[in-house]
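Welcome! Here is a short tour for anyone meeting this structure for the first time. Take a look at the sequence and the model, then read on.

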Amino acid sequence: MMKFAWDNYKRYAWGENELRPLSRNGNDGRTFGGLRGASIVDSLDTLYIMGLGEEYQEAKEWVENNLNLNVGGEASLFEVNIRYVGGLLSAYYLTGEEVFKRKVVELGKNLLPAFNTPTGIPHGVVNLASSGLSDWWSGGDLGRSSVLAEFGTLHLEFVHLSELTNDPIYTEKVMNIRKHLNQLDKPRGLYPNALNPVSGNWEQHYVSIGALGDSFYEYLIKSYLMSDRTDEVAKRMYYAALEAIENNLVQRSPGGLIYVAEWRGGILDHRMGHLACFSGGMIGIGAEHGSPETRQHQLDLAANITHTCHESYRRTPTKLGPEVFRFDDGAEATAPRVNERHYILRPEVVESYMYMWRLTHDPKYREWGWEALEALEQHCRLATGFSGIIDVYGHIIQHDNLQQSFFLAETLKYLYLLFSDDDLLPLKDWVFNTEAHPLPVIPRNCSQEKGHRPNWTH
Ligand code: DMJ
């Protein structure tokens with residue numbers, strides 16, 4: 001599947017960000033501010049891990065010769081960080097090829113202007129070329145919010161940038177975000193999704209572990225794990241946030257399904273996004289590091305959420321899950337609203353299968369992964385690549401004409417790992433960034449004594 005996705009990208013969209021398989025051309029979008037080749041950078045580690053040597057070489061050569069980082073245009077700090085910085089970092093750590101280090105260091109420097117706000121909470125958009133905040137930002141509407149899942153999903157990559165460059169600036173930037181969030185008042189211990197980067201205050205009280213919130217929580221527990229379990233602040237913040245989520249958001253449906261609702265100023269919205277399904281895996285990996293009394297409870301919660309997400313797939317004729325599923329007006333893990341029925345090749349459900357498989361070795365996770373894989377083959381494979389679909393309940397399949405780069409970075413990688421032995425990227429040595437790019441744990445004595453750096457490469 002990876003080779004097929006890659007070959008078609010190469011044939012119809014080489015150098016562009018993503019493949020549009022129906023129209024047989026490329027998609028550039030505006031998210032990456034003029035950066036190109038998102039599917040190439042996002043695929044480097046997947047190709048390498050899967051042993052697709054020739055394809056990996058092509059990708060590496062493209063990065064070496066064609067990845068131009070001095071582009072004008074407004075880029076999403078978050079998207080560039082998780083896909084490009086994450087992709088280049090993990091390619092470097094896996095292969096030891098200097099070109100990836102050179103590129104990622106240059107790119108990291110170009111992202112720093114995003115932090116030039118009164119609070120240091122970065123703005124969501126950065127102009128990669130102008131060495132300044134985006135025009136959009138300086139245009140004057142200072143009331144625009146920064147998004148929790150965006151400024152809260154930089155920590156892993158930025159700590160590694162400091163490790164690689166020996167320059168503390170990257171770690172300082174993300175530690176400042178951490179400190180700010182830690183000392184802010186939180187409604188019922190919950191983190192709202194939007195913060196004003198000028199005043200430093202929450203903008204509204206909308207809380208979600210799906211869209212706009214998700215990977216902030218993921219990066220707390222993963223920061224702790226990546227620090228070789230020395231980052232106690234991240235650990236405390238993670239377990240406190242999880243407790244607040246359990247007390248306020250976790251629900252049981254009339255039919256007995258456990259789900260995580262959203263919260264709008266104190267009122268529950270009984271919906272769960274596909275994006276929120278990563279939380280099964282997150283709570284699973286966190287379970288063994290919390291207090292011993294909560295361990296089994298957290299593992300059960302992780303298994304229950306993963307089960308609910310599987311139900312959202314199982315209850316459709318295509319066996320692929322909708323973008324949003326609901327638990328109100330008689331709905332139970334289904335999507336009554338027509339505009340919430342799409343599946344865009346997202347990874348979160350198979351991501352949780354992979355973690356739960358590694359944690360429990362319960363064969364059902366491989367069975368569920370195989371069901372998803374067969375459904376992808378049946379409904380998302382076209383002659384010219386893979387595509388998302390418009391309605392997972394439809395009997396006639398309509399395609400959305402996009403092979404997302406995260407399909408190659410995440411969905412296919414997590415499926416591959418689900419069916420691989422545990423010693424391929426063992427979870428005790430690697431953490432996956434939110435785009436599934438593996439980053440090595442920084443051994444505790446190495447981060448304390450600079451100069452005794454580990455050799456993470458083969
Ligand atoms: C990916 O880019 C990342 O997983 C991100 O955290 C959320 N959205 C997509 C995949 O669904």
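## Before we start

A residue is called buried when its relative accessible area is under 20%, exposed when that area is over 50%, and partly exposed in between. Please keep in mind that this is a predicted model.

## The disulfide

How many disulfides does the model have? The count comes to one disulfide. The two cysteines are C277 and C309, and their sulfur atoms lie 2.1 Å apart. Which parts of the chain does the pair tie together? C277 sits in the loop between β13 (271-273) and α12 (279-287), while C309 belongs to helix α13 (residues 292-314), so the bond links parts that are 32 residues apart in sequence. The torsion about the S-S bond of C277 and C309 is about -90°, and therefore the disulfide is left-handed.

Are these cysteines buried or exposed? C309 has a relative accessibility of 2%, and because buried means under 20%, C309 counts as buried. C277 is buried too, with a relative accessible area of 1%.

C380 takes part in no disulfide. For C380, the nearest cysteine sulfur is that of C277, and it is 16 Å away. C380 is also buried, its relative accessible area being 0%.

## A sheet of three strands

Now let's turn to some strands. In the order β8-β11-β12, three strands make up an open sheet with antiparallel pairing. Which strands are at the edges? They are β8 (206-207) and β12 (267-269), each of which pairs on one side only.

Between β8 and β11 (residues 262-264), which run antiparallel, there are two bridges.

## The annotated site at T434

Our last stop is a position marked in a database record. In an unreviewed entry, UniProt places the feature "binding site" at T434. Where along the chain is T434? It is found in the loop between β17 (430-432) and β18 (438-440). With a relative accessible area of 14%, T434 is buried.

What surrounds T434? Apart from its neighbours within four places in sequence, T434 is in contact with F78, I82, T153, S215, E218, Y219 and E410. One of these, E218, has a side chain joined to that of T434 by a polar contact of 2.9 Å.

How values were computed:
Residues numbered from 1 in each chain as written. Predicted model: local features only at pLDDT ≥ 70, side-chain atom pairs only at ≥ 80, totals over all residues. Heavy atoms only, no water. Pairing = 2+ DSSP bridges. Helix = DSSP H or I, 4+ residues; strand = E, 2+ residues; numbered from the N terminus. Disulfide = S-S within 2.5 Å. Buried < 20%, exposed > 50% of the residue type's maximum accessible area, 1.4 Å probe, protein only. UniProt positions renumbered as here; feature names shortened; annotations may be inferred. Contact = heavy atoms within 4.5 Å. Polar contact = N/O pair within 3.5 Å; in protein donor to acceptor, adjacent residues only side chain to side chain.
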